[in-house]
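Hi,

Here is the structure I promised to pass on.

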Amino acid sequence: MNYLAHIYLSGENELVTIGNFIADGVKGKKYMHFPKDIQTGILLHRHIDTFTDAHPTVRLSTKRLHKKYGHYSGVIVDIIYDHFLAKNWQQYSDTPLIEYTENFYNALEAHYDILPLNIQKLLPYMLADNWLLSYASIDGISRVLDGMNRRTKNRSGMNEAVFELQEYYNEFEAEFSSFFDELIRSSKQKLDALNSI
């Protein structure tokens, strides 16, 4: 899953949410150097990734893209799924997305010193373009995919995946909805288990 889903699945604890958000930048056992709630977020993030990568519905989505995008298909599906979460946000949260994302950005700035260097470097771009809110529109997703393609030095062709999103929009949305309900349940169970340790 991509940023918005990871943040959403973290629950109400600000530090757990930040841990989940920074987890890709924390390798191996380095998570142990962080405060307990940050550790919980990192471990939850790893659980979410494992559950997502192995799920047959997600594999159905990635298979649709694999011939053209190869191993980038999973990354593209993560971004596409974040689009459907943002677009259908009111089904998942009582807090409007604009307010939810502002609260999260404020939390990142309040805990800036905890963030790994790569996340500190990323933050100004994320805030300037309001990535999380932009996921709700096709144009926003197109900009995200353009940015990802540039990061691969234009090798991935990910910028073109917006066409597949539009062509198979209903299929991707149905797959997201079916899968995300399962992921919410699995993440809550994992979070409860981590909090009970």
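This is a predicted model: local features need pLDDT of at least 70, side-chain atom pairs count only at pLDDT 80 or more; totals for chains, interfaces and linings use all residues.

Residues are numbered from 1 along each chain as its sequence is written, and side-chain values use heavy atoms, with hydrogens and water left out.

Helices here are DSSP runs of H or I with at least four residues, numbered from the N terminus. Helix α5 (residues 73-87) has end C-alpha atoms 21 Å apart, which agrees with the 21 Å its 15 residues should span at 1.5 Å a residue; the expected span is 1.5 Å times one less than the number of residues. Of those 15 residues, 12 are buried (under 20% relative accessible area, 1.4 Å probe, protein chains only), among them Tyr81, His83 and Phe84.

α5 is also one of the helices that the buried residues of α3 pack against (contact is heavy atoms within 4.5 Å). In α3 (residues 36-54), the buried set includes Ile38, His45 and Thr52.

Now the pockets (open sets of points on a 1 Å grid over the protein atoms alone, where a 1.4 Å probe fits, with protein on both sides within 12 Å along at least five of seven lines; lining residues have an atom within 4 Å of a point). The largest has 28 lining residues, with Asn2, Tyr3, Trp131, Met148 and Arg151 nearest its centre. α9 (138-151) gives the most to that lining, seven residues.

Cheers

Terms used. Helices (H or I, at least four residues) and strands (E, at least two) are DSSP runs, numbered from the N terminus. Buried means under 20% relative accessible area, exposed over 50%, partly exposed in between (1.4 Å probe, protein chains only).
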